[in-house]
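My notes follow the order in which I went through them.

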Amino acid sequence: MAQHRLLFVCLGNICRSPMAQGVFGDVAARAGMADRFFLDSAGTGSWHIGNPPDPRGVAAAAARGIDISGQRARQISARDFSDFDLLLAMDAENMSSLRTLAPEQHAGKARLFLADAPELGVTEVPDPYYGGNDGFEEVLDLVEAGSRALLARLA
Ligand code: 4NP
């Protein structure tokens with residue numbers, strides 16, 4: 001079975017997409033499928049290039065047994081559309097940025113991360129950056145549900 005290459009995408013690459021990468025990796029590992037995936041994350045913006053994830057997200061993930069502290073932020077580039085099979089946008093704004101950046105032949109690789117989990121009743125993972133710790137817990141809940149749904153579709 002070929003390996004799926006997944007890129008999780010948000011705005012800053014310090015909150016949502018690092019958590020999504022960590023949680024998806026955890027969900028896949030628990031299902032015994034870690035080796036079926038190559039995972040990375042990127043931001044559409046450049047402000048936080050080289051920075052570790054937001055400490056609030058690191059702590060919230062660690063409380064669920066998931067270590068995202070080693071990730072470093074980077075900005076997405078058009079090359080990512082050839083390097084990855086699927087680019088998973090956290091919200092509609094990220095999705096719009098991906099559509100603008102996508103080479104025409106790879107435009108179909110970008111989708112909303114939560115598109116596989118319609119039962120959630122939300123289509124976007126909200127940006128927790130300017131809020132409190134609750135927002136990071138909500139992100140973890142959403143990306144866990146999204147990860148389970150995505151894994152079920154790809155497995
Ligand atoms: P993220 O959150 O897109 O989930 O990483 C953000 C982090 C930083 C900023 C915006 C969103 N910022 O404007 O610096």
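These entries start at the ligand and then move to single residues.

**Entry 1: the model.** I am working from a predicted model. I keep that in mind for every value below.

**Entry 2: the ligand site.** Which residues surround the ligand? I listed Cys10, Leu11, Gly12, Asn13, Ile14, Cys15 and Arg16, then His48, Asp127, Tyr129 and Tyr130. I sorted this shell by class. Six of its residues are nonpolar, three are polar and two are charged. I also checked the pockets. The ligand takes up the space of the largest pocket.

Entry 3: I went through the oxygen atoms of the ligand next. One lies 2.9 Å from a backbone N or O atom of Leu11. The side chain of Arg16 has an N or O atom 2.7 Å from a ligand oxygen. For His48, a polar side-chain atom is 2.7 Å from an oxygen atom of the ligand. Then I looked at the area. The ligand alone exposes 350 Å², and the protein buries 93% of that.

**Entry 4: Arg16.** Where does Arg16 sit? I found Arg16 in helix α1, which covers residues 16–30. Is Arg16 buried or exposed? Its relative accessible area is 2%, under the 20% cut-off, so Arg16 counts as buried. I noted one more contact. A polar atom of the Arg16 side chain lies 3.0 Å from the backbone oxygen of Val125.

**Entry 5: Asn13.** I turned to another residue of the ligand shell, Asn13. I placed Asn13 in the loop between β1 (4–10) and α1. I wrote the background beside it: most residues other than glycine have a negative phi. Asn13 has a relative accessible area of 2%, so I logged Asn13 as buried.

Entry 6: I moved to strand β1, where Phe8 lies. Phe8 has 0% relative accessibility and therefore counts as buried. I then took C-alpha distances from Phe8. Asp40 is 32 residues away in sequence, and the two C-alpha atoms are 6.4 Å apart. Gln21 is 13 residues from Phe8 along the chain and 6.3 Å away, C-alpha to C-alpha. I found Gln21 in helix α1. At 16% relative accessibility, under the 20% cut-off, Gln21 counts as buried.

**Entry 7: Leu140.** I checked helix α5, residues 133–154, which holds Leu140. Leu140 is buried because its relative accessibility is 1%.

**Entry 8: Gly65.** My last stop was a loop. Gly65 lies between α2 (55–63) and α3 (80–83). Is Gly65 buried or exposed? Gly65 reaches 61% relative accessibility, over the 50% cut-off, so I logged Gly65 as exposed. I also took one distance from here. Gly65 and Ala145 are 80 residues apart in sequence, with 16 Å from C-alpha to C-alpha.

Methods. Residues numbered from 1 in each chain as written. Predicted model: local features only at pLDDT ≥ 70, side-chain atom pairs only at ≥ 80, totals over all residues. Heavy atoms only, no water. Near = heavy atom within 4 Å. Polar contact = N/O pair within 3.5 Å; in protein donor to acceptor, adjacent residues only side chain to side chain. Areas by Shrake-Rupley, 256 points an atom, 1.4 Å probe, with all protein chains shown as cover. 1 Å grid on protein atoms, 1.4 Å probe; cavity = no way out; pocket = protein on both sides within 12 Å on 5 of 7 lines; lining within 4 Å. Sits in = over half its atoms within 2 Å of the grid points. Nonpolar A, V, L, I, M, F, W, Y, C, P; charged D, E, K, R; others polar. Helix = DSSP H or I, 4+ residues; strand = E, 2+ residues; numbered from the N terminus. Buried < 20%, exposed > 50% of the residue type's maximum accessible area, 1.4 Å probe, protein only.
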